[in-house]
Amino acid sequence: MPSRILGDKKTDRAARADRKFANSKPGSTAYRPSEQLSAAALLAFEDTVRSIDREDALFTHLCNTARRFLPFRQAFVLKRKVKGGALFVTAASSIAAVDRDAPMIRWIEKLTARLAEDVGLDKQHHFSLPAYCDDTDEEAKTYPFTEFLWTPLRDGADIVGGYIAVKETPWQNHEDATADRFARLYAHAWRAIKGSRRSIRSRLATRKRLFIAVFALFLVGAWPVSITALAPAEVSSLDPFIVAAPFDGVVREILVDQNAKVGPDDPLIAFEDIERRNAFEIAAEEEAVALARFARASQGGINNAEAKREIAIAKAELDLARAEKEYAADLLAKTVLTAERQGLAVYSDRRDWVGRPVAAGEAIMQLADPNRIRFAIDLPVKESLVLKEGARVKIFLDSDPLRPIEAKLTEASYQAQTDKRNILAYQLSAIIVDENYAPPRIGVQGTAQIHGDKAPLAYAVLRRPLSFLRQMTGW
């Protein structure tokens, strides 16, 4: 308890000494060797330094109040405005505001610059006048104090400033240590002050950057872009000739290979002809019978009036038999279908057709022109927003995805139907815009990108999520 009371008394004594120095006349010194060894006074002094919250007040305190523990007669604090730049006097003992044009201030700055060129400013250095002065330097001749001590102020590894303390007598080692301790103390307080200011500037800069980011995001979101939709596409013939079954029958053989070139009258499909051949033979026999009846009626009607009446009936039966024979011959001839024009034979797997019964009019094969193609597109109903006449279409083929094909929408079904994927979709047709582009192979598949009307980018990005959210929540 007595030691605590003694410590409190020493602290009060240090505070009274501070007040006494504040009321002293400029140029006087309050240095007391007894206080140099007082731990309580040093702690109170450091506490006072760390409580200063302004840079100018901190440097003024260093130039004036610090001489209670460091025996200088005058001190100058210098700092850099920019990293690596020159040092400028920012505070001096017994001066409220530094005059940038004062001869004394300019002389100190010049002297410090020469010191930097000679030995550097990264460590303590003391010298005596007229060191670093010209022979004609009046300040060096008239200045009353000759012993100078330079002590740097550090911000990490960087020298951000320093202070010069001057007195009449040479500096001692223990005084150098005290000056270095004070440099670290005031540098720490200076970094704390700059840190708080940096924090404010950092918050302002963060708000500024946030505002810029929001504004930029708004501009980007408002940028007009085309509403697009993706749909599967397949290369098909533009106007193919459909080869269909002429009657109900069974396919016996496909006579051409897939994608083979055929010309007019080339055989394509052979049907089972047993029934048609038998029908033709029966019709031929019936024709022969009708012809015999007609001949007999014609011969008998020469002398018989009643036989003459049978001639017309026999003639009609003969004409009917001939017609049936011609019909049977036509059906027999159609058991082998031939090409009516030039093109590529396009059909599914041959094994799917051989032995398969077909109905009259059922499509079996197409004759396609390889130079006249279109893109068959199945657009899902939920993407129908992009449908418009003459819409721009980009085709990305699976075989060459890096070379999109420019196309134009030409047709669109009015009613949606179920496609191969069992999805309700509109059937679209698009043709190539560039006539010089080599048409791709029929049957190649890919993806079509259909461009609709323009809308803000934000709407284009959020359209599907909003639609999904509305379907899930019912909003």
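This is a predicted model: local features need pLDDT of at least 70, side-chain atom pairs count only at pLDDT 80 or more; totals for chains, interfaces and linings use all residues.
So, strands 8 and 10: residues 249–254 and 267–271 pair in the antiparallel sense, over three bridges.

Strand 16 covers residues 392–397 and runs antiparallel to strand 17, residues 400–412, with five bridges joining them. The link between strand 16 and strand 17 is a hairpin through two residues. Valine 393 sits opposite alanine 407 of strand 17. Strand 17 is also joined to strand 19, residues 424–432, again antiparallel and by five bridges. There, alanine 412 has leucine 428 in strand 19 as its bridge partner.

Let me zoom out for a second. The protein chain comes to ten helices and 20 strands. Of its 475 residues, 36% are buried. Among contacts with a separation of 6 or more, 68% are between residues 24 or more positions apart. The accessible surface is about 28600 Å², and carbon and sulfur atoms hold 55% of that.

On to salt bridges: the structure holds 21 of them. One is glutamate 55 with lysine 79, where the closest N and O atoms are 2.2 Å apart. Glutamate 55 is in helix 4, residues 55–64, and lysine 79 is in strand 1, residues 74–80, so this pair ties together parts that are 24 residues apart in sequence. Is glutamate 55 buried or exposed? Buried, with a relative accessible area of 11%.

Another salt bridge brings together the side chains of arginine 114 and aspartate 134, at 2.6 Å, N to O. Arginine 114 comes from helix 5, residues 103–118, while aspartate 134 is in the loop between strand 3 (125–128) and helix 6 (138–142), so here the parts tied together are 20 residues apart in sequence. Both ends are partly exposed: arginine 114 has a relative accessible area of 26%, and aspartate 134 has 32%.

Then there's aspartate 273 with arginine 277, a salt bridge at 2.8 Å, N to O. Aspartate 273 is buried at 14% relative accessible area, whereas arginine 277 counts as partly exposed at 39%. Going back to arginine 114, salt bridges with shared partners join Lys110, Arg114 and Asp134 into one network.

Now a couple of helices. Helix 3, residues 39–50, has twelve residues and reaches 16 Å from its first C-alpha to its last, close to the 16 Å expected. Its buried residues are Ala40, Ala41, Phe45, Glu46 and Val49.

Over on helix 7, residues 173–222, look at phenylalanine 218. With 57% relative accessibility, phenylalanine 218 counts as exposed, because the cut-off is over 50%. Phe218 is part of a nonpolar surface patch of about 560 Å², along with Phe211, Ile212, Phe215 and Leu219.

Last one, serine 237, in strand 6, residues 224–237. Serine 237 is buried, at a relative accessible area of 4%. What is serine 237 in contact with, leaving aside neighbours within four places in sequence? Ala368, Asp369, Arg372, Ile373, Arg374 and Ile442.

How values were computed:
Residues are numbered from 1 along each chain as its sequence is written. Side-chain values use heavy atoms; hydrogens and water are left out. Two strands pair if DSSP finds at least two bridges between them. Helices (H or I, at least four residues) and strands (E, at least two) are DSSP runs, numbered from the N terminus. Patches are made of residues with over 30% relative accessible area and no salt bridge: like charges are joined within 9 Å, nonpolar side chains (Val, Leu, Ile, Met, Phe, Trp, Tyr) within 5 Å. Accessible areas come from the Shrake-Rupley method with a 1.4 Å probe; for residues, only the protein chains shown count as cover. A salt bridge is a side-chain nitrogen of Lys or Arg within 4 Å of a carboxyl oxygen of Asp or Glu. Buried means under 20% relative accessible area, exposed over 50%, partly exposed in between (1.4 Å probe, protein chains only). Contact means heavy atoms within 4.5 Å. The expected span of a helix is 1.5 Å times one less than its number of residues.
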